[in-house]
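Student: Could we go through this protein together, with the sequence and the structure before us?

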Amino acid sequence: MMAATVVSRIRTGTGRAPVMWLSLSLVAVAAAVATEQQVPLVLWSSDRNLWAPVADTHEGHITSDMQLSTYLDPALELGPRNVLLFLQDKLSIEDFTAYGGVFGNKQDSAFSNLENALDLAPSSLVLPAVDWYAISTLTTYLQEKLGASPLHVDLATLKELKLNASLPALLLIRLPYIASSGLMAPREVLTGNDEVIGQVLSTLKSEDVPYTAALTAVRPSRVARDITMVAGGLGRQLLQTQVASPAIHPPVSYNDTAPRILFWAQNFSVAYKDEWKDLTSLTFGVENLNLTGSFWNDSFAMLSLTYEPLFGATVTFKFILASRFYPVSARYWFAMERLEIHSNGSVAHFNVSQVTGPSIYSFHCEYVSSVSKKGNLLVTNVPSVWQMTLHNFQIQAFNVTGEQFSYASDCAGFFSPGIWMGLLTTLFMLFIFTYGLHMILSLKTMDRFDDHKGPTITLTQIV
């Protein structure tokens, strides 16, 4: 899995905003798949320490309305009472990549004033992908938290207002995009919007008014192409049809008083006597999934999935995990001790010891399967009539927070076939170079020469 993934970060303190600005552009690729319903949100304030550093999220993470409220509440409760909401008609994360000076080329940036504001702001926060529903209710949410009705203002109206640091004020500044400026290029429109932001901030700075500002949009400006369209080349083929994106189903969650175990796979298939069945639709997104027998505590967890009828019988799959403290690493590590399949009074055991990682992480692997050509991570000591394949498998049984996985420890090894080929080729070339250098250093010059004062050297011809 990608390994990695690129995520948004909070930067507090003067001088850290350029790193955040670069992060904002880099996450464009990660968020591209889901840009149809998400828009970016940029926050900054004249007060310090309004937002604590945010932990890295997985690639393509979308901020929900509940998560957004956890970011906004500290700023609204502890920060300035004057809130500016710059609301653009359309904006996407790709606009920052296409028109921003992300590589230090400030003169070509369409967001120079915004960059400068982030650079100088004591507190700032960038959320590359926020759920459209959360943005659609943002104005109402701010109104309820501040206890002030939104006031639609422009630059001329703002100069006539007398803002008070102790009284709440919600100022709404609408910024156009291509929808209202069809004859102007996107860069020109964005540059004009950025100039409006700069003039508004200059007005507040001249009056020495503390504030918290937010920049977002009503809807995204761009619709990303499906990734399969790019795989064969950058050009779009004639009469090419749009490939439907696969549905993303939620993970299985075992709860007692809170979510304890999370399990997800893009495809979950099992076979009994070489008869395969796909259990994906019967497992994920199912409200009445039978989790009877599941158990959890701080050191042991078991996720039990029961299906009936399956292959003409009741079949139960048990994922058994344990967490232990290892003094050498001074941390807790978890491991899946085994996978059991119960059916008709018999039990099939699979050793899954390679499913392991720090207990604060989840585990991910492209394939967890008993089929040899797919990694063979499921190992049985005796021949079994059961086979199983989990594609894009991910599980977490400890330190679960909410309904989302923690950072994933991936099963992919560091030395891939490409790395091994590169290392072997380099070693072979290094051997040739060393051997050639040794041969050159072994050359010896003549140490005896003919003396013209003595007898000449004669060579007798042998016939």
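This is a predicted model: local features need pLDDT of at least 70, side-chain atom pairs count only at pLDDT 80 or more; totals for chains, interfaces and linings use all residues.

Tutor: Residues are numbered from 1 along each chain as its sequence is written, and side-chain values use heavy atoms, with hydrogens and water left out.

Student: How many helices and strands are there in the chain?

Tutor: We take both as DSSP runs numbered from the N terminus, a helix being H or I with at least four residues and a strand being E with at least two. Counted in this way, the chain has eleven helices and 20 strands.

Student: What share of the residues of the chain counts as buried?

Tutor: Buried means under 20% relative accessible area, while exposed means over 50% and partly exposed lies in between, with a 1.4 Å probe and protein chains only. Of the 463 residues in the chain, the buried share is 41%.

Student: Is Val83 buried or exposed, and why?

Tutor: Val83 belongs to strand 3, which covers residues 82-90. Because its relative accessible area is 4%, Val83 counts as buried.

Student: Which residues is Val83 in contact with, leaving aside its neighbours within four places in sequence?

Tutor: Contact means heavy atoms within 4.5 Å. With those neighbours set aside, the partners of Val83 are Leu76, Leu142, Leu146, Ala169, Leu170, Leu171 and Thr212.

Student: How many bridges join strand 14 to strand 15?

Tutor: Two strands pair if DSSP finds at least two bridges between them. Strand 14 (residues 313-326) and strand 15 (residues 331-343) run antiparallel, and Val315 stands opposite Ser343 in strand 15. The two strands form a hairpin with four residues between them, where Ala330 in the turn has a positive phi of about 60°. The number of bridges joining strand 14 to strand 15 is twelve.

Student: Which residue in strand 17 stands opposite Phe334?

Tutor: Strand 15 is also joined to strand 17 (residues 356-358) by three bridges, and the two run antiparallel. The residue in strand 17 that stands opposite Phe334 is Gly357.
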